[in-house]
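Trainee: Could we go through this model together, one question at a time?
Mentor: Gladly; here it is.

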Amino acid sequence: MSTNAARVPRHVAIIMDGNGRWAVARGKPRPEGHREGARAVREVVRGCRAAGVEYLTLYAFSLANWSRPKTEVDALMRLFVLFAKKEVEELREREISVGVIGRPEDLPATTRKALDELIRKTAGGKKMRLSLALSYSGREDLIGAVRQAAALVDRGKLRPEEIDGSWIRAHLSTGILPDPDLVIRTGGEYRLSDFLPFESVYAELHFSPLLWPDFTEKDLLAAFDTYGGRERRFGRTSEQVKKGQE
Ligand code: IPE
Ligand code: IPE
Ligand code: MG
């Protein structure tokens, strides 16, 4: 698979869906699928780093996922701890820093502690930023920013006319990240499930029928290839875009 280096997306965001179905199809409990999913995460992190992606954001647990059976939620929370401990050395070696978006304060103390340690130990990584979306909801994130704005206006610290797109964007939990260029969803569903709604307005979307544990580096590079062939117009005409490239 050839990947045009000039067209590798700078920020890739992935909705890793299909773990449960992967397990059920094999007669295994759903957490088994999440464990296999962690393997796919490792492969995709390596693949993105090797391809020169600067930002990788992974939807690991949505705010809505708290409504799943307790046994599954508990298994996921333990898996995040395991992931943090197992991956730290390799992430450091590859100079990848880790961050969290969403509401990490919702996570159990042991999970939070393991993630905090992972964040601290990888803080120096300058080659790629891996953001884990945990207890994440795009709408809640937006509501949080609006509340902050209202509170500042209330205290006379912000004028309503200062609240614009870039103010809101900077006050989301993705504030330090650029907008995603490519959003990938595995698992065959055609929806965003509350993932980066404000940030993805001009992202290219790639839907894969593969279940997340089956998604490999080859599939990632295939997605980059399709991305490389697309014309991003941002509202302009094709002619204007081509002129701008000359
Ligand atoms: C995505 O896989 C992982 C998480 C939501 C944590 P699912 O668990 O949603 O898998 P399916 O969609 O049920 O197959
Ligand atoms: C989206 O998958 C959330 C994650 C991948 C973490 P879901 O499986 O929760 O999404 P829906 O419920 O099918 O929309
Ligand atoms: Mg799902």
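Mentor: One cut-off to start with: a residue counts as buried under 20% relative accessible area, as exposed over 50%, and as partly exposed in between. Do keep in mind that this is a predicted model.

Trainee: Thanks! Is Asp194 buried, exposed or partly exposed?

Mentor: Asp194 is found in the loop between strand S5 (182-185) and strand S6 (204-207). Its phi is positive, about 70 degrees, although Asp194 is not a glycine. Most residues other than glycine have a negative phi. With a relative accessible area of 31%, Asp194 is partly exposed.

Trainee: And what is the relative accessible area of Phe234?

Mentor: Look in the loop between helix H7 (217-228) and helix H8 (238-245), where Phe234 lies. Phe234 is not a glycine either, and its phi is positive, near 45 degrees. Phe234 is partly exposed, and its relative accessible area is 42%.

Trainee: Which element gives the largest share of the shell around ligand 1?

Mentor: Ligand 1 sits in the largest pocket. Helix H1 (19-25), helix H2 (30-51) and helix H3 (70-93) each give two or more residues to the shell. The largest share, three residues, comes from H1.

Key
Residues are numbered from 1 along each chain as its sequence is written. Chains are lettered from A and ligands numbered from 1 in the order in which they are written. This is a predicted model: local features need pLDDT of at least 70, side-chain atom pairs count only at pLDDT 80 or more; totals for chains, interfaces and linings use all residues. Side-chain values use heavy atoms; hydrogens and water are left out. On a 1 Å grid over the protein atoms alone, a cavity is a set of points where a 1.4 Å probe fits but cannot get out, and a pocket is an open set with protein on both sides within 12 Å along at least five of seven lines; lining residues have an atom within 4 Å of a point. A molecule sits in a cavity or pocket if more than half of its atoms lie within 2 Å of its grid points. Helices (H or I, at least four residues) and strands (E, at least two) are DSSP runs, numbered from the N terminus. Buried means under 20% relative accessible area, exposed over 50%, partly exposed in between (1.4 Å probe, protein chains only).
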